[in-house]
Structure formats: structure tokens, C-alpha cells
Amino acid sequence: MSAAITAPANAVPSAKRRSAKRVLPGFGLTLGYTIFYLSIIVLIPLATLLFKTFELSWDQFWTTISAPIAVAAYKVTFGASLIAALVNLVFGMLIAWVLVRYQFPGKKIVDALVDLPFALPTAVAGISLTALLADNGWIGQYFAPLGIQLVFNRVGIVFALIFIGLPFVVRTVQPVLEDFEKELEEAAGSLGASRWQTFYKVILPAIGPALLTGFAMAFARAVGEYGSVIFVSNNIPMESQITPFVIMAKLELHDYAGATAIAMVMLVISFVLLLLINGLQSWQRKRSGI
């Protein structure tokens, strides 16, 4: 009788051990599908890009990627993307803060408008910004008499990249702020900390990794933007031409190897920058103990 009672008791930990080894049912199948899907969607296209670039000799490759028109396009693309991502870092955090901490009429409408750049076609966004910021637009007409042109230059590019990158910061920071414990702020205030000290030493370390993630996503999205930028930029070579436009121009001339060479440079630079940002994000998490 005692042996019969003991056997089921020993079977329970054994079942737990077996279930602990495999968190998801069918792990082998799901892992294989994941690798296959990522290979089809990500790895194979990137490998094709790499192999197409190998059609050029090293001298041809270097001549293509270091051409003055290409270097100028790199500067415009990454410079405008960095400025736009930094602007979104600040104002995206403010918008997320308002949406989380305050109640006001029309809050749900404002919250829904944040996602509008996700759903809006980039060409429509470019046309809207042009109509808004042009010299005869609703906003541009007030700056034109002052000699300030908001579109058809690098300023217009930055505006377009800010528009399409804002939701990434807001939607990344918002859930972190919602989970943040307000008791920590109250404790800091009771210990004599000012509002700035509370934000800098209590709130910012908690939302820092999310801010860096949103910044990285907004920056990466801006680097590859094409549809909206071509409407707000005059696309003058050496002045306001972005790298995706240079790639499209080479494709139209059937210079596929040259286009993939410049695309490879964009890929490598973007990957290195994202790697550095992720490393900084990991360091921030370890430093703040998150």
C-alpha cells in the first residue's frame, strides 16, 4: 500500500522536470519554423545583396561608394535621421508622459493620432507636409516673408523624418511609464529631492532603456525612409539628396551592382550604429539594475 502511495508522489516532480525542459509545446517545430521564416524574410535577401555586390571588383566597389554624390547623400541621410531621432527622443517622451500621467478631453483621440504615421502611406505624408510647409501652405506662408523655407531643402527632410519616427518613441516609452511605481517619486520627494532630481535620478534611469530603444527604432526607420522625403526635398545632388534616392537612380539606370554596393554601405553603417545603441542600452540596464 505504501509503495502505491509513493509512486504517484514521485511522478509529479518528474512531470515537472519534463515540462520545465520544454516551455513551449512543439519547441523543435516552432524553432525550425522561426529559423526558416527569418531566413526567407531577412537572411536570404541580405545574402543576395552581398553576393550582388561581389560582382564588382574592390576598385569598382570603392569608387562607387566613395563617389562625391554618394558621400554627400550619406551625410544628408544620417545627419537628418540623427537630428529627427533626437527631436523625437525629447518630444516623444513628453507625449508619452502626458498620455500616461494626465486625463483630459479627447485623450483617446490624441492617443490614436500618435499611430497615424504607422497607417498613413508615406507618399500621403509627404504630400500633406508639402501642403502644410510650402511657401503658400498653412504654416509655410508665415515663414516665407522672413526668408525661411521649410520644404524643398534639408529642413523639409528633417520634418518628414520626425513625422514618421515619432510613434516609435511614444509607443516604446508609454508602457514603461504606465508600469512605473509612483511611490518611488513620492519617496524621493519626501526625502527632499526636487522635481528635477526626482526625474533625473529616479524616473530617467527607469525609462532610459526604453528611450534608447525608441531612439534606435526611430533612427533606423528614418535612415530607410524614401516615400515622404522625395516630396519635401528638391533632391539636388550634393545638397539635399538622400541615399535611398541615389540607390533608386542607379536602379533606373540598371546599375544593379552599384545600387547594391551603396545599399551595403547603408546596411553596415546602420547595423554598427544599432549595435552600439543596443550595447549602450544593455549597459544602462545593468547600471540601473533593471
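Tutor: A pocket is an open set of grid points where a 1.4 Å probe fits, with protein on both sides within 12 Å along at least five of seven lines. The model here is predicted.

Student: How much space lies in the largest pocket?

Tutor: Rolling a probe the size of a water molecule over the atoms shows where empty space is left. In this model the largest pocket holds about 290 Å³. Its lining has 14 residues, and Asn88, Pro117, Ile162, Phe163 and Leu166 are the closest to the centre.

Student: Which elements give two or more residues to that lining?

Tutor: They are α4 (68-101), α5 (107-114), α6 (116-119), α7 (122-133) and α9 (154-179). Helix α9 supplies the largest share, 4 residues. By class, the lining comprises 13 nonpolar residues, 1 polar residue and no charged residues.

Student: What lines the second largest pocket?

Tutor: That pocket has about 240 Å³ of space. Among its 13 lining residues, those closest to the centre are Trp97, Glu185, Arg195, Thr198 and Ile203. Helices α4, α10 (182-190) and α11 (195-223) each give two or more residues, with the largest share, 5 residues, from α11. The lining divides into 5 nonpolar, 3 polar and 5 charged residues.

Student: Where does the largest share of the nonpolar surface patch come from?

Tutor: Helix α2 (residues 27-53) contributes 10 residues to the patch. The patch covers about 1,000 Å², and its members include Tyr33, Phe36, Ile40, Val42 and Leu267.

Student: Is Val42 buried, partly exposed or exposed, and why?

Tutor: Val42, in helix α2, is partly exposed because its relative accessible area is 36%, between the 20% and 50% cut-offs.

Conventions
Residues are numbered from 1 along each chain as its sequence is written. This is a predicted model: local features need pLDDT of at least 70, side-chain atom pairs count only at pLDDT 80 or more; totals for chains, interfaces and linings use all residues. Side-chain values use heavy atoms; hydrogens and water are left out. Patches are made of residues with over 30% relative accessible area and no salt bridge: like charges are joined within 9 Å, nonpolar side chains (Val, Leu, Ile, Met, Phe, Trp, Tyr) within 5 Å. Accessible areas come from the Shrake-Rupley method with a 1.4 Å probe; for residues, only the protein chains shown count as cover. A salt bridge is a side-chain nitrogen of Lys or Arg within 4 Å of a carboxyl oxygen of Asp or Glu. Buried means under 20% relative accessible area, exposed over 50%, partly exposed in between (1.4 Å probe, protein chains only). On a 1 Å grid over the protein atoms alone, a cavity is a set of points where a 1.4 Å probe fits but cannot get out, and a pocket is an open set with protein on both sides within 12 Å along at least five of seven lines; lining residues have an atom within 4 Å of a point. Grid points are joined across faces, edges and corners, and a volume is the space filled by probe spheres set on the points. Ala, Val, Leu, Ile, Met, Phe, Trp, Tyr, Cys and Pro count as nonpolar, Asp, Glu, Lys and Arg as charged, and the others, Gly among them, as polar.
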